[in-house]
Amino acid sequence: EINIEVPSRQTAKFEFEKEYKVEAYQCTTDPFHIRTAEKNTQETLLGICVVTIGDDTFMDTVVDFIIRQGSSYSELYIANSSPTNQIASFDCTLSKPGSDVSGTMCFIEVALTNQFFSDFETELTGSGEVDLRLLKRRRGLTN
């Protein structure tokens with residue numbers, strides 16, 4: 001809700017709704033974090049990049065992250081903003097491509113456990129939650 005003072009000293013009331021989103025994709029684990037569709041092996045780490053959509057938000061932390069393989073197996077890698085074991089980490093201080101704003105990209109890195117390699121036919125899916133915040137910017141109103 002926004003209140004705007006109008007010249008007659010009356011207050012006009014406006015309401016608006018806006019949806020904020022992020023996008024996640026598999027990316028390389030090198031410092032460039034380039035989008036990829038590489039198949040992982042037991043010897044490689046899996047990289048996931050999460051980027052903000054738009055220019056008015058940033059991410060403070062990864063709240064949770066889980067990888068599922070169909071309905072047969074899943075593993076929680078991040079819970080309550082902390083890695084659940086030694087094989088997961090994340091960094092939310094990065095800038096997404098084309099931006100100089102810190103926090104517009106989180107990089108998650110995990111080592112897939114052996115159970116994920118027992119069934120090569122079933123696709124893996126990752127899901128999670130990030131703490132998304134609004135950027136504070138000054139905006140001047142003109143007449």
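Me: Which residue in S10 is the bridge partner of Phe58?

Reply: That would be Arg133. Keep in mind that we're looking at a predicted model.

Me: What makes S5 and S10 a pair of strands?

Reply: Pairing takes at least two bridges between two strands. Strand S5 (residues 57–69) and S10 are joined by 11 bridges, so they count as paired. The two run antiparallel.

Me: Which sheet do they belong to?

Reply: An open sheet of 4 strands, in the order S7-S6-S5-S10, with antiparallel pairing.

Me: Why are S7 and S10 called edge strands?

Reply: Strand S7 (82–83) and strand S10 (124–134) each have a single partner strand, so one side of each has no neighbour in the sheet.

Me: What is the strand order in the open sheet that contains S3?

Reply: S3-S4-S9-S8, again 4 strands with antiparallel pairing. Here S3 and strand S8 (88–94) sit at the edges, each pairing on one side only. On average, neighbouring strands of this sheet are turned by 20 degrees against each other, direction ignored.

Me: How do you know that S4 and S9 pair?

Reply: Count the bridges: S4 and strand S9 (residues 105–110) share 6, in the antiparallel sense. Two are enough for a pair, so these strands qualify. If you'd like to find a spot on the structure, look for Gly47, which stands opposite Glu109 in S9.

Me: Where does Thr28 lie?

Reply: In the loop between strand S3 (22–27) and strand S4 (46–52).

Me: Why is Thr28 called buried?

Reply: Buried means under 20% relative accessible area. Thr28 comes out at 17%, so it counts as buried.

Me: Which residues is Thr28 in contact with, leaving aside its neighbours within four places in sequence?

Reply: His33, Ile34, Thr36 and Phe107.

Me: How many helices and strands does the protein have?

Reply: There are 0 helices and 10 strands. Read from the N terminus, the elements go β-β-β-β-β-β-β-β-β-β.

Me: What share of the protein's residues count as buried?

Reply: 29% of its 143 residues do.

How values were computed: Residues are numbered from 1 along each chain as its sequence is written. This is a predicted model: local features need pLDDT of at least 70, side-chain atom pairs count only at pLDDT 80 or more; totals for chains, interfaces and linings use all residues. Side-chain values use heavy atoms; hydrogens and water are left out. Buried means under 20% relative accessible area, exposed over 50%, partly exposed in between (1.4 Å probe, protein chains only). Contact means heavy atoms within 4.5 Å. Axes are lines fitted to C-alpha atoms, for helices over the stretch in contact, and angles run from 0 to 180 degrees between N-to-C directions.
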